Amino acid sequence: MAAVTGFVEKIKYRNEDNGYTVLTVASEGEEYVLVGTFHYINEGEMVEAFGTMTDHPVYGEQLQVESYEIKEPQDTFAMERYLGSGAIKGVGAALAARIVRRFKADTFRIIEEEPERLAEVKGVSEKLAMSVAQQMEAKKDMRQAMMFLQDYGISMNLAVKIYQEYGYRLYGILKENPYRLADDIPGVGFKMADDIARKAGILADSDYRIRAGILYTLFQAAAQGHTYLPKAELLRQASDLLKVEVDLDQYLMDMQMEKKLVVKEKKGEAETDADLGPREEEAVVYAATYYYMELNTARMLCDLNVRGKVLQADIQKRLDQIRQPEDPRLDPLQARAVEEAVNSGLLIITGGPGTGKTTTINTIIRYFGSQGLDILLGAPTGRAAKRMTEATGCEARTIHRMLELAGAPGDDGNVNTRFQRNEENPLEADVIIIDEMSMVDIYLMHSLLKAISVGTRLILVGDVDQLPSVGPGNVLKDIIRSRCFNVVELTHIFRQAAESDIIVNAHKINGGQQIDLAKRSKDFLFIRRENPDAIIAAAITLMTKKLPAYVNARPLDIQIMTPMRKGALGVERLNSILQSVLNPPDKQKPEKESGGTVFRLGDKVMQIRNNYQLAWEIRGRHGICGETGTGVFNGDMGIITEINLFAETVKVEFEEREDEKKVAEYSFKQLEELELAYAITIHKSQGSEYPAAIIPIHSGPRMLMSRNLIYTAVTRAKACVCLVGLPEMFRQMVDNQMEQRRYSGLKDRIRELKEQGL
């Protein structure tokens, strides 16, 4: 065991999530490199560290720290060095020297017990004196807090957030009501708070625990796409979670009074939604956040829904003026969509592939453009925005970029992200067109509407038969089914589209019609294979040998999509196999294992959750950095271009626009936000389009092997779709109309407002 005692000269690297730190220490004229987990440490502090000396092949001799202690400087040289290190804001090296020269060995006692005396030193005001004392005390308190929180198994990054939120009050909060952490601290959920509470000796039937458990159940439901739960379902799930014998009804009443929950009685309207089954008349329970988000979304939609009075003849006259000889003729439904766009504050255009949505959008853009109106185009994802740009010839942006997502330092020192465009700073546009609306959840819709002024036309475009959004809500379907707004459904398949078997068969699937899988086709192929391993072998051959030349694309551009995550044909197994084929181990390729997945230089990866704070920069063709910003979102796909094992970082290059890449840097701790993407679930493919798609078809849960799932998958392919597996299972999927029930109430909120005349 070796020991090093000295001053922290420089912190070369620090992972704020787990405390892993690389620093240099000056000791008796020598400099040492220390590597290990430090709870909380600053440059200039004195540390006594114990560990094992190792010889790193690249970075030389290092002390692998096993334990350490922060020492309070005892001599005047150490005191001066610490004060002048930059650890104390407002005190530089020169001022630190004057302070120590004045008070000598008594310096730290003076700062702690008589801080006002610091004002005796030239250059120190009373305000600065108090600030120095407060900072010294805070750093001592923080070190103690870090050690205290480590006993509860709390990570470094989270411990810092807890201390910044509560300060010295954290000791009382953790011992009395640790469930407050789940309400107040991002990243702390019920289960983590419950684990802390158990260590703190909180009883299982504590009121705090039961209230937190009810809210956790509702937030978990939101992660499954629901904005509320029927009361009976909520009580059942909460009871299973809490495992206590108490009357939960009473807690629901109390939490309503505290405005944590909203309980709504279902009205007597009997109805059946094809995808939901019979709607029971029962009470439903919302977390207050989701109820008011739905209510405000409904109100803003109704506010936008105003009618114009432009005559059809006048609209047609302008269309004739702007029409080019090569433009296709609009069919009656497309013409009606243009007319409604002119005369509606809010319009929904829906339809399947090949029904002319793009032609309709382009005509609307040219119509309003000829009037000199400002038009904004948006889509939920970068890939969908890129497709919209290519289809219209006009720049389309993601909704997040349209709303100008940006970060700013908060009062707690953390970077808080928010949309710069909102009700106080609305979007400057006369017309806003949003494509791929089936992907938009209630969060994003609410944020978008807040940034749209009354008088701006909003046109929502999407395929209502696609899978719903990953996030909570059923926005597009609820808006259409409210029957309160202008909706144009395009149904005619145009001649050019009708030449594509992808489009023709997609409509047959959506209509429940069986397809002749033996028919020879240039873009819709079914390859029969009996077992999972044979399916995988065929998929690899297609991906690496057959399809790249056929569709003029790289193997990495061809996407394998599967219904499941687990199992013989699940994403996890497929990615492991495909990685070994497409990007095998190589001594020249650094790699990092995280959570059971090996990430390797050159891997194709996908972001699997929204990270609003992750920084990125746009790089052009020659690597020149341009625009910067924050936010990488669920479903964004890219390539690993750098793995830095010393700095513990990974760089991922996401395709942004033509000749432009968006580059984001992840710490090793953040790799849990990424997964390999050689194969993805069909749910994750929403809004994307690939040159070719390969879809394994084999046995699976009935809930997943459904019509709208295979319909969504088939419509993701641009030039060729290859289904590989069992024809009988494909036919079962086409017949299976079952969809996972999604509880959302936007439709009901819209109707309530209409009934009230609002």
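Helices (H or I, at least four residues) and strands (E, at least two) are taken as DSSP runs and numbered from the N terminus. The structure is a predicted model, in which local features need pLDDT of at least 70 and side-chain atom pairs count only at pLDDT 80 or more, while totals for chains, interfaces and linings use all residues. Residues are numbered from 1 along each chain as its sequence is written, and side-chain values use heavy atoms, with hydrogens and water left out.

Two residues other than glycine have a positive phi. Glu 648, with a phi of about 60°, is found in the loop between strand 26 (637–644) and strand 27 (649–657). Its relative accessible area of 15% makes Glu 648 buried; here buried means under 20% relative accessible area, exposed over 50%, and partly exposed in between (1.4 Å probe, protein chains only). Arg 483 likewise has a positive phi, of about 55°, although it is not a glycine. This residue occupies the loop between helix 19 (475–481) and strand 18, and with a relative accessible area of 65% Arg 483 is exposed.

Two strands are said to pair if DSSP finds at least two bridges between them. Contact means heavy atoms within 4.5 Å.

An antiparallel pairing is found between strand 21 (residues 591–594) and strand 22 (residues 597–600), which share four bridges. Ser 594 stands opposite Thr 597 in strand 22. The two strands form a hairpin with two residues between them, and Gly 595 in the turn has a positive phi of about 60°.

Ser 685 lies in the loop between strand 30 (679–681) and strand 31 (690–697). With a relative accessibility of 0%, Ser 685 counts as buried. When neighbours within four places in sequence are left aside, Ser 685 is in contact with Met 561, Ile 680, Tyr 690, Thr 712 and Arg 716.

The axes of helix 24 (residues 707–714) and helix 25 (residues 727–735) come within 6 Å and cross at roughly 110°. Helix 24 is therefore roughly perpendicular to helix 25, given that angles under 35 degrees count as roughly parallel, over 145 as roughly antiparallel, 65 to 115 as roughly perpendicular and the rest as oblique. Helix 24 contributes Arg 707, Leu 709 and Ile 710 to the contact, and helix 25 contributes Phe 730, Met 733, Val 734 and Asp 735. These residues divide into five nonpolar, no polar and two charged, where Ala, Val, Leu, Ile, Met, Phe, Trp, Tyr, Cys and Pro count as nonpolar, Asp, Glu, Lys and Arg as charged, and the others, Gly among them, as polar.

The whole structure contains 36 salt bridges, each defined as a side-chain nitrogen of Lys or Arg within 4 Å of a carboxyl oxygen of Asp or Glu. One of them links Arg 209 to Asp 194, with the closest N and O atoms 2.9 Å apart. Arg 209 lies in helix 9 (residues 207–223) and Asp 194 in helix 8 (residues 190–199), so the pair ties together parts that are 15 residues apart in sequence. Both Arg 209 and Asp 194 are buried. Another salt bridge joins the side chains of Arg 117 and Glu 120 (3.1 Å, N to O). Arg 117 is partly exposed at 25% relative accessibility, and Glu 120 is partly exposed at 41%. In the salt bridge of Arg 421 with Glu 428, the closest N and O atoms are 4.0 Å apart. Here Arg 421 is buried, with a relative accessible area of 13%, whereas Glu 428 is exposed, with 63%. Finally, salt bridges that share partners join Asp 106, Arg 109, Glu 113 and Glu 114 into one network.

Definitions and conventions. Axes are lines fitted to C-alpha atoms, for helices over the stretch in contact, and angles run from 0 to 180 degrees between N-to-C directions.
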